[in-house]
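Okay, thanks for coming, everyone. Let me put the model up and then walk you through a few things.

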Amino acid sequence: MTKLTNFLAQKEKNFYKAQAMVSDNQSVLMFKVNYPSLSKLNGFTMFVFYECIHTLKLEDIDITYSQHGIEGIMISEEDPIVLKQRFVTFENTHPLGRLIDIDVLTKHKMIGRIDINEPLRRCYLCENIAHVCIVNQTHTTVEVQQAFIDRVIDYCKFNKEKTAALAMYCECATTPSFGRVTPYTSGIHSDMDISTFIVSIQSIAPYFNKVSDIDPSLSDKQYFMALRNLGMCMEEAMLKATNNINTHKGFIFLALMLFGAYHKYPNQALQTSIKQLALFLKEDFDLQPDTAGLEWSKKADIKSIRHHALEGFSEIIKTQNTLHKNMKRYEDINDAFASTLLTCMSFVDDTTILKRAGLTTLHTIQQKASTISQDKEKWEAFSKECIAYNISPGGSADVLALLVILRVFFYDKGEEILWK
Amino acid sequence: MEIKKAAQAGTYESNDVYVQLFENPNHTIDIQLTSVVIKQFGEQIHQVIQKTLKQFDITSCIIVVEDKGALDHVLAARIESAILRSLS
């Protein structure tokens with residue numbers, strides 16, 4: 001079967017499944033993200049999906065992940081016309097509304113815009129009727145994808161909560177797994193899956209806006225302590241949401257250091273500000289080690305996440321160019337993230353790998369990741385190898401998410417660098 | 001060849017099309033088309049339907065096409081599935 005017939009057959013199957021679910025006086029609501037590609041699952045589409053569901057305050061949605069992207073189905077007893085009206089208003093008014101499709105299907109028919117006297121949807125690139133642009137193929141797939149991504153970036157830019165959420169979705173959506181949790185697999189983790197990550201993201205993201213509540217006129221030390229307190233609240237919220245599983249501890253640290261440094265010194269070079277705040281991390285090295293990073297920093301000559309902070313994240317910020325190039329180079333945005341993740345794996349002394357497999361394996365993994373980061377054909381096999389080693393590059397994945405923040409929060413249309 | 005057995009393919013989702021085939025007692029081809037973009041593409045959609053039926057030498061059927069803005073090749077693929085299902 002060709003890719004298209006396969007795709008169409010799958011779509012048909014899902015549709016009949018939805019139709020069979022519904023009885024009289026009920027409707028099925030179907031949620032899909034409008035991203036043109038034969039592989040629609042990536043961090044941007046996941047972000048849009050959850051952002052819209054959250055805004056609409058919908059719960060009990062049955063969610064599936066596949067090449068069709070992320071799709072949701074739910075049954076409702078509400079009047080289908082009222083429902084459709086509500087969704088069309090959302091589609092017309094929310095900044096991400098055009099990026100999602102919400103269908104209302106009853107036992108007997110699909111409720112269309114025509115049934116509620118609404119004009120057909122407009123294309124999100126020009127103001128023509130969307131169907132006309134699609135059938136005429138007025139815009140290339142790449143143009144539409146770019147417009148989608150730009151719209152999401154515009155929505156998140158300068159908003160710490162949204163940017164951080166997008167970054168975390170981009171990280172956990174990235175496939176292959178290399179041992180990590182993704183929408184398709186739990187990798188080597190038996191205690192969590194993608195839903196653990198989703199609840200974690202949703203529990204911690206809102207806290208990032210609280211960075212703006214910290215008084216920038218505090219001394220460096222006081223400011224750092226306030227950040228650290230916020231970080232501890234976030235860890236607590238995360239552990240509560242995940243039932244005591246650590247999903248984003250490393251990311252919370254990285255993102256708080258970055259947002260904090262920028263908030264305290266908006267007009268200073270970012271790396272200098274990070275270095276200044278990171279000075280107070282030095283004391284941690286003298287304490288009894290309570291994290292894998294501190295423990296291994298004592299044992300071996302490795303560069304832990306704290307060392308990166310002490311250098312003002314300079315090595316990480318440099319890697320920003322790699323993500324930037326990859327996003328231009330790869331047609332599938334997921335591949336851009338996968339390739340960048342491998343680059344991160346090649347230079348990060350990932351303490352989650354060290355903890356499970358030791359220093360020799362870490363070096364082997366770093367070497368291999370570096371060799372194949374641009375060689376897509378070899379990714380799947382390497383991912384299996386990581387699983388066979390029983391490793392999961394959690395620390396490198398946190399760095400990938402930080403790169404997404406740098407890209408989205410501080411960049412303008414991916415060209416001009418807004419930070420110094 | 002005449003369509004004897006009713007069959008369908010496709011969905012009512014956006015950018016897809018729902019195709020139904022029935023036996024036609026008049027032994028001709030009867031196309032019943034509705035589309036969200038009938039004004040812009042009615043003619044073009046008719047052509048794809050006729051061409052695809054011809055490929056399979058279908059000389060008699062009622063074909064009901066409810067188009068939600070499908071691309072030509074999606075439409076052709078959906079008609080093809082319906083025909084194959086009817087003939088199987």
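With that, the lining of the second largest pocket has 18 nonpolar, 16 polar and 14 charged residues.

Some bookkeeping: this is a predicted model, where local features need pLDDT of at least 70 and side-chain atom pairs count only at pLDDT 80 or more, while totals for chains, interfaces and linings use all residues. Residues are numbered from 1 along each chain as its sequence is written, chains are lettered from A and ligands numbered from 1 in the order in which they are written, and side-chain values use heavy atoms, with hydrogens and water left out.

Back to that pocket. On a 1 Å grid over the protein atoms alone, a pocket is an open set of points with protein on both sides within 12 Å along at least five of seven lines, and lining residues have an atom within 4 Å of a point. This one has a volume of about 1,300 Å³, counted as the space filled by probe spheres set on the points, which are joined across faces, edges and corners. So who sits nearest the centre? Glu235(A), Asn246(A), Lys249(A), Gly250(A) and Thr291(A), out of 48 lining residues. Which helix gives the most to the lining? H9(A), with eight residues. Helices here are DSSP runs (H or I, at least four residues), strands likewise (E, at least two), numbered from the N terminus.

Now the loop between H6 and H7 of chain A. Pro176(A) is in that loop, and a cis peptide bond joins Thr175(A) to it, with omega about 5°. Phe178(A) is in the loop too; its phi is positive, about 50°, though it is not a glycine. Phe178(A) is buried, at 0% relative accessible area; buried means under 20%, exposed over 50%, partly exposed in between, with a 1.4 Å probe and protein chains only.

Over to chain B, which runs β-β-β-α-β-α along the sequence. Its radius of gyration is 12 Å, close to the 12 Å from the globule rule for 88 residues, so it is as compact as a globular protein of that length. That radius is over C-alpha atoms, and the rule is 2.2 Å times the number of residues to the power 0.38. Buried residues make up 51% of chain B. Asn15(B), in the loop between S1 and S2, has a positive phi of about 60° and is partly exposed, at 27%.

Technical notes: On a 1 Å grid over the protein atoms alone, a cavity is a set of points where a 1.4 Å probe fits but cannot get out, and a pocket is an open set with protein on both sides within 12 Å along at least five of seven lines; lining residues have an atom within 4 Å of a point. Ala, Val, Leu, Ile, Met, Phe, Trp, Tyr, Cys and Pro count as nonpolar, Asp, Glu, Lys and Arg as charged, and the others, Gly among them, as polar.
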